[in-house]
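Here is a quick tour of one protein model, going from single residues out to the whole chain. Have a look at it first, then read on.

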Amino acid sequence: KFLYLIFFFSLVVRVLFLIFSGVSSESNADWIYRYEIQSDNILNGNFNLEEKLFITAPLYSYFVAFIKIFFIENYKVVIVIFQIVLSSISAILISNIGLILFNKYIGVMSGLLYSIYPITLYFTHILGQESFFQSLFIFFIYFYLCYLTKKTNKLLILSSIFFTLSFLTK
């Protein structure tokens, strides 16, 4: 029951931040344009993500390209909504991690604190790999802790998949 409350609290906080903060996916940071250019290149058949300074981790650029296929005009809005929901689910998982490692009180407080953490709020609303990576890594930690307690191969495979996805994101 408290997990639903944490999810909805996190969702409401993120939507209110989106409405009142003035932060938008149209940020002027240079690294945001990288994902737009790379996703356009991917859609045009150029899969080389190498840049002058470094090679970009590919998953986020492919994610943006995938969203662009279905939502050509409004892809930024869809990505922000997806990141808001993913980040809100992460608040639930952080609560569960706190519950597994400590107790219910620590779990609830951890989820609530994550829900209002300013840096996470900011990066959830822009095109960038930070929020996406953070959520995938939280999924990995949660499933790995579940594996350590229950010792089922399904949980180990899930944790491995999320670790791999987070590695390919950052």
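## Ground rules

A residue is called buried when its relative accessible area is under 20%, exposed when it is over 50%, and partly exposed in between (1.4 Å probe, protein chains only). The model is a predicted one, so local features need pLDDT of at least 70 and side-chain atom pairs count only at pLDDT 80 or more, while totals for chains, interfaces and linings use all residues. Numbering starts from 1 along each chain as its sequence is written, and side-chain values use heavy atoms, with hydrogens and water left out.

## L5, out in the open

L5 counts as exposed because its relative accessibility is 58%. It sits in helix α1, which covers residues 2–21; helices here are DSSP runs of H or I with at least four residues, strands are runs of E with at least two, and both are numbered from the N terminus.

## S88, tucked away

S88 belongs to helix α4 (residues 75–101). Its relative accessibility is 0%, so S88 counts as buried.

Beyond its neighbours within four places in sequence, S88 is in contact (heavy atoms within 4.5 Å) with F7, S10, L11 and R14. With S10 there is also a polar contact, side chain to side chain, at 3.4 Å. That term means a pair of N or O atoms within 3.5 Å; within protein, one must be able to donate a hydrogen and the other to accept it, and residues adjacent in sequence count only if both atoms are side-chain atoms.

## K151, in a loop

Between α7 (129–150) and α8 (153–169) runs a loop that holds K151. This residue is not a glycine, yet its phi is positive, at about 55°. K151 counts as exposed because its relative accessibility is 54%.

## The whole chain

Zoom out and the protein chain shows eight helices and zero strands. Its C-alpha trace spans about 50 × 40 × 30 Å along the principal axes.

Of the 170 residues, 44% count as buried. Among contacts in the chain with a separation of 6 or more, 70% are between residues 24 or more positions apart.
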